Amino acid sequence: MLTESSQWQALQSHFESIKNTHMRDLFAQNDNRFLQFSMQASGITLDFSKNRITDETFALLIDLAKAANISGARDGMFAGEKINSTEKRAVLHTALRHFGDNQVKVDGEDVMPVIKQTLAKIKAYVNGIVSGETKGYTGKAFTDVISVGIGGSFLGPKIMSEALKPYQNHIKVHYVANVDGCHMQDVVAKLDPETTLIVTSSKTLTTQETLRNMQSARQWFVEQAGEAHIAKHFACVSTNVEGAKALGIDPENVFPMWDWVGGRYSVWSAIGLPLALGIGYDNFEAFLQGAYDMDQHFCDAPLEQNMPVIMALLGIWYRNFFGAQSHVLLPYYHYLRGLPAYVQQLDMESNGKFVTKQDTVVNYETGPIIWGSEGTNGQHSFHQLIHQGATIIPADFMLPLYPHHDVADHHAMLASNCFGQTQALMAGQTVEEIKANLAGKVDESEIDSLAQHKEMPGNKPSNTLIFDRLDPKTLGSLIALYEHKVFVQGVIWDVNSYDQWGVELGKALGNQVLSKLVNKDEALDNDASTNALIEIFRKR
Ligand code: F6P
């Protein structure tokens with residue numbers, strides 16, 4: 001078991017000796033701390049100097065990574081080994097953005113030709129729609145896309161579309177995931193079937209919400225256009241190509257994906273079609289190129305200078321030794337506001353596991369709770385708990401140097417808040433400093449008590465990620481960085497980061513309950529609470 005390894009034990013005893021060390025002192029002792037604990041890769045600068053680490057911590061964390069054979073595991077993933085052990089599948093999202101010449105084999109077969117063919121098909125399709133050459137059933141060019149899908153078949157394209165808003169063309173993409181009818185109703189209300197394309201994205205083509213939403217979109221379309229025009233207005237992305245054709249979708253508009261691409265890793269596949277429609281094919285390819293850049297860094301850089309490895313190890317340091325339950329993502333850029341939700345799915349669906357690859361139950365914590373939102377908004381709400389709460393919450397701050405606007409000095413103000421927050425979290429403010437500030441301003445008798453409440457303990461860890469501009473390439477690198485971070489943590493925790501059995505029971509019970517809600521004569525054999533809830537719904 002991991003916790004019995006000499007590397008883990010060494011970290012445990014080191015933790016005991018460092019747990020009360022304040023980062024203020026570490027900075028005071030070492031003028032080179034920033035240089036020592038910062039690095040660049042794929043156009044991203046990572047400042048990890050505001051972490052509760054010393055040279056020794058760093059060396060011990062690297063030892064842990066070496067003992068886990070991160071390099072071997074990484075090479076296995078890139079080479080198409082079936083590392084998703086419970087589903088006996090390779091994990092090859094990296095092949096989808098592979099621009100090298102070498103082959104990538106699954107079961108002895110090179111998958112690169114089919115990936116390239118699919119990219120060519122995406123390119124031709126996207127160019128046809130964006131240029132207006134491909135027209136709707138009344139001869140008008142397309143203006144809107146309804147993208148139907150959920151989970152990994154939704155969040156990637158949606159959040160990347162949001163992040164790349166400045167690169168948007170005239171095609172407006174409307175994403176519908178939830179089976180909550182309000183959303184579909186609102187979306188179709190503002191659209192015209194004559195100029196709307198409907199893309200259904202589902203790896204399995206069995207997901208309840210997606211199938212229902214697709215049927216509703218289809219009904220809305222057919223009411224005005226009739227069945228005859230479905231072929232022109234519907235596209236589908238799925239591993240179930242035959243199933244898509246059986247739904248009446250023109251085979252020309254069916255885009256394949258493969259079981260060696262996990263849903264939450266699938267934005268690089270044809271699942272990214274709605275994204276590509278909104279930003280154009282060249283920008284989509286630049287996004288893939290950025291991820292490829294980060295893949296190369298991950299494969300080539302030694303562990304000590306490897307950005308995803310370093311971020312993963314820091315996460316483990318806090319999760320397993322400091323007992324941090326969550327990790328907060330704080331993008332200081334409006335267009336990147338969806339990133340916390342994206343990484344939340346990526347990380348929590350990947351490493352939210354309690355059984356190791358050796359089928360044993362862990363005796364240590366695994367994936368953290370991922371959350372967050374855009375800065376500066378959070379500063380006026382939940383940052384209070386990060387600064388003064390009784391729990392430790394490591395943070396990733398993110399900031400582009402050049403914004404997609406030139407509105408006065410907004411960006412300098414945004415940056416100042418970002419950097420100021422990391423400083424406040426690290427340094428805090430001592431009771432003595434606060435007392436000195438209060439002297440003469442409040443009644444002498446209140447100073448002690450007030451200073452106590454105003455104390456900012458500091459010593460709160462953060463990473464800062466800076467890049468020039470949030471362009472398609474940089475976004476690709478950033479997303480791949482988090483993917484590889486999750487991979488490294490999964491290897492160290494010895495969990496299968498690529499299955500998601502935990503979501504299956506809910507799906508099955510949802511279907512079972514649905515049948516009871518709709519068929520009111522069906523006997524209720526659930527627990528008393530669920531039975532009562534069903535009864536209340538039936539009586540509405
Ligand atoms: O919610 C679980 C999940 O299986 C995700 O992993 C997946 O991305 C999502 O459902 C949607 O599945 P599909 O693409 O097959 O519709």
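The following questions and answers concern a predicted model.

Q: How do you know how confident the predictor is in this protein, and where is confidence lowest and where highest?
A: On a scale of confidence that runs from 0 to 100, the protein averages a pLDDT of 97, and 100% of the residues score at least 70. Confidence is lowest in helix H12 (residues 241–246), with a mean of 89, and highest in helix H21 (residues 472–493), with 99. The model also has an ipTM of 0.97 and a pTM of 0.97.

Q: Why is Lys460 called buried?
A: Buried means a relative accessible area under 20%, and Lys460 has 10%, so Lys460 counts as buried. This residue is found in the loop between helix H20 (447–454) and strand E13 (462–467).

Q: What makes up the surroundings of Lys460, if its neighbours within four places in sequence are left aside?
A: A contact requires heavy atoms within 4.5 Å, and on that basis Lys460 is in contact with Met23, Lys50, Ile386, His387, Gly389, Thr391, Leu425 and Met426.

Q: Is Ser462 buried or exposed, and how do you know?
A: The cut-off for buried is under 20% relative accessible area, and Ser462, at 1%, therefore counts as buried. Ser462 has its place in strand E13 and, not counting residues up to four places away in sequence, touches Asp47, Lys50, Asn51, Ala395, Phe397 and Thr422.

Q: What makes E1 and E11 the edge strands of the six-stranded sheet?
A: This open sheet has the order E1-E2-E13-E12-E10-E11, with mixed pairing, and strand E1 (38–41) and strand E11 (369–372) are its edge strands, as each pairs on one side only. The twist averages 20 degrees from one strand to the next.

Q: How do you know that strands E10 and E11 pair?
A: Two strands pair if at least two bridges are found between them, and strand E10 (residues 326–331) and E11 have four, in the parallel sense. Ser326, for instance, has Ile369 in E11 as its bridge partner.

Q: Which helices lie on this sheet, and at what angles?
A: Helix H18 (residues 410–427) lies across strand E12 (395–400) and E13, running at about 160 degrees to E12. H21 packs on the sheet as well, touching strand E2 (44–47), E10, E12 and E13, and its direction makes about 150 degrees with that of E13.

Q: What makes the five-stranded sheet parallel, and how many bridges join E8 to E9?
A: The open sheet, in the order E6-E5-E7-E8-E9, has parallel pairing, with strand E6 (172–176) and strand E9 (254–256) at the edges. Strand E8 (residues 234–238) is joined to E9 by three bridges, where at least two are required for pairing, and Ser238 has Pro256 in E9 as a bridge partner.

Q: What describes the packing of helices H7 and H14, and which residues meet?
A: Helix H7 (residues 112–131) and helix H14 (residues 281–300) pack at an angle of about 145 degrees, with their axes 9 Å apart. Leu119, Ile122, Lys123, Val126 and Asn127 in H7 meet Tyr281, Phe284 and Leu288 in H14; the residues of this contact divide into six nonpolar, one polar and one charged.

Terms used. Residues are numbered from 1 along each chain as its sequence is written. This is a predicted model: local features need pLDDT of at least 70, side-chain atom pairs count only at pLDDT 80 or more; totals for chains, interfaces and linings use all residues. Side-chain values use heavy atoms; hydrogens and water are left out. Helices (H or I, at least four residues) and strands (E, at least two) are DSSP runs, numbered from the N terminus. Buried means under 20% relative accessible area, exposed over 50%, partly exposed in between (1.4 Å probe, protein chains only). Axes are lines fitted to C-alpha atoms, for helices over the stretch in contact, and angles run from 0 to 180 degrees between N-to-C directions. Ala, Val, Leu, Ile, Met, Phe, Trp, Tyr, Cys and Pro count as nonpolar, Asp, Glu, Lys and Arg as charged, and the others, Gly among them, as polar.
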